[in-house]
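This report describes a pair of helices and the surroundings of a ligand. Please keep the structure in view while reading.

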Amino acid sequence: MPETHQSEILVAGTGPAGLIAALAFADQGFRVLLAGPEPNDRDERTTALMMPAVRFLQDLHDMTGLVDDAAPLKTMRIADATSRLIRSPFVSFNASEIGEDAFGFNFTNRSLNRQLAHAVGANTSIFRQHGFISKWKPGEQNVAVEFDDGTGTEAKLAVAADGRNSPARAAIEIATRRMDYRQSAFVTDFEHELDHENASTEFHTDTGPFTQVPLPGKRSSLVWMVRPETADELMAMDAAALSRAIEDKMQSMLGKVKAGTARQVYPLSVLLAHSFARKRVALIGEAAHVFPPIGAQGLNLGIRDVGDLISAVKAKPDDPGSADVLAHYNRLRRPDILARTGSVHLLNQSLLSDMLPAQIARRVGLSLLDAFAPLRGLFMREGMHPGSGFQHFKSAAREQIRR
Ligand SMILES: Cc1cc2nc3c(=O)[nH]c(=O)nc-3n(C[C@H](O)[C@H](O)[C@H](O)COP(=O)(O)OP(=O)(O)OC[C@H]3O[C@@H](n4cnc5c(N)ncnc54)[C@H](O)[C@@H]3O)c2cc1C
């Protein structure tokens with residue numbers, strides 16, 4: 001019979017959000033039980049993490065090896081590749097404009113998951129339960145769970161990082177708002193003739209963004225949002241045809257392209273939990289919010305969930321799952337999660353919509369961003385760290401208007 005652990009904090013889920021939460025709580029001196037299967041080592045995606053998220057991870061764990069395998073993101077561009085009547089300008093953002101060397105780094109998920117799993121394995125405050133939670137029993141003083149091997153445990157606080165179909169969320173009866181886009185993300189990587197100069201380009205197309213993100217050397221990763229039937233066609237294409245298709249979409253910006261062999265498809269949707277904590281369970285990562293991969297937001301938001309949950313718990317560390325702590329966490333997360341989910345959804349809808357007002361709004365927004373440097377600064381800073389953009393905006397705008 002496997003051993004049963006009693007822990008102060010139970011973390012459910014071994015995706016990146018769960019691994020990071022386990023490390024963060026252990027770093028605060030809590031005993032953590034992390035439950036879930038072995039981390040996914042067949043994930044062919046890459047994750048662009050902005051500098052605040054990278055720094056958060058660096059504070060938890062030596063990231064040297066991880067950063068060596070990643071490419072810095074120094075420039076981010078948006079290009080209109082739609083066939084719409086109203087088209088938007090090409091907008092370019094440079095990290096140097098806001099005094100940063102890079103906006104962040106693009107990591108392969110394999111490497112990110114491997115390094116996080118290694119850090120968890122080396123941490124003596126984290127106990128592992130290598131299996132799924134089969135039953136949740138939230139209570140007044142503790143939350144109890146059963147594992148699929150028949151054992152169980154109790155904890156003061158459970159951190160639910162158990163993904164978009166979160167069984168924990170269902171057990172504490174938090175409802176969600178969901179929307180299916182009939183859109184899929186086709187994911188692969190490719191080599192190219194020209195140097196990417198650490199720039200990422202998001203081409204806006206009629207079916208959603210086609211986003212190239214730099215990897216080390218003359219290589220980039222690709223997230224191509226398409227109709228599900230197009231994703232099936234891309235999966236079935238031979239290497240030469242796929243290479244040509246990518247080069248065409250890139251308008252040969254990076255010269256000749258050679259597509260990699262690894263290809264995956266992810267169905268896309270939007271999901272927003274009505275609240276983010278209840279009954280000694282706090283939702284983080286995709287258990288709380290899911291949206292399409294536009295502007296590299298998902299895990300960045302998940303890492304901010306962890307940061308805010310730690311802040312809420314620090315105010316009352318003797319009972320980390322109390323109603324006060326959970327209410328505090330809810331208040332901290334609501335504005336950030338609602339703003340990100342809403343803006344990504346709106347941008348995606350404006351691309352998919354044939355309606356003229358949506359196209360005009362997108363064009364006006366991007367034209368303003370192109371022409372007005374303070375607004376560009378606001379957009380870049382807010383993209384990296386919510387709230388920080390507005391602090392700089394007023395003085396920069398005043399200065400530009402004065403000039
Ligand atoms: C194509 C694509 C590209 C993306 N690119 C970016 C990007 O560049 N930047 C960015 O910030 N974000 C990006 N994202 C979003 C990012 O990938 C997600 O936010 C992130 O993977 C979510 O991690 P998670 O740990 O919350 O969920 P998951 O990775 O889904 O992990 C959930 C975990 O819970 C476990 N689990 C489920 N049920 C149970 C149970 N009963 N008991 C125990 N464990 C359980 C699962 O096994 C799994 O390990 C992208 C997403 C997509 C689709």
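## Two packed helices

In this predicted model, helix α1, which covers residues 16–27, packs against helix α4, which covers residues 109–122. The angle between the two is about 30°, and their axes are 10 Å apart. Angles under 35 degrees count as roughly parallel, and α1 and α4 are therefore roughly parallel to each other. The crossing in which α1 passes α4 is left-handed.

## Residues at the helix contact

On the side of α1, the contact is made by Pro16, Leu19, Ile20, Ala22 and Leu23. These residues meet Leu112, Asn113, Leu116, Ala117, Ala119 and Val120 in α4. Sorted by class, the contact of α1 with α4 contains 10 nonpolar residues, 1 polar residue and no charged residues.

## The shell around the ligand

Which residues come nearest to the ligand? Of the 32 residues around the ligand, they are Gly13, Gly15, Gly163, Gly285 and Gly298. Two or more residues of the shell are given by each of α1, β3 (46–50), β13 (176–192) and α8 (298–314). The largest share, 4 residues, comes from α8.

By class, the shell around the ligand consists of 17 nonpolar, 12 polar and 3 charged residues.

Conventions:
Residues are numbered from 1 along each chain as its sequence is written. This is a predicted model: local features need pLDDT of at least 70, side-chain atom pairs count only at pLDDT 80 or more; totals for chains, interfaces and linings use all residues. Axes are lines fitted to C-alpha atoms, for helices over the stretch in contact, and angles run from 0 to 180 degrees between N-to-C directions. Angles under 35 degrees count as roughly parallel, over 145 as roughly antiparallel, 65 to 115 as roughly perpendicular and the rest as oblique. A crossing is left-handed if the near helix is turned anticlockwise from the far one by less than a right angle, and right-handed if clockwise. Two residues are in contact if their C-beta atoms, placed from the backbone, lie within 7 Å. Ala, Val, Leu, Ile, Met, Phe, Trp, Tyr, Cys and Pro count as nonpolar, Asp, Glu, Lys and Arg as charged, and the others, Gly among them, as polar. A residue is near a molecule or strand if its C-beta atom, placed from the backbone, lies within 6 Å of it.
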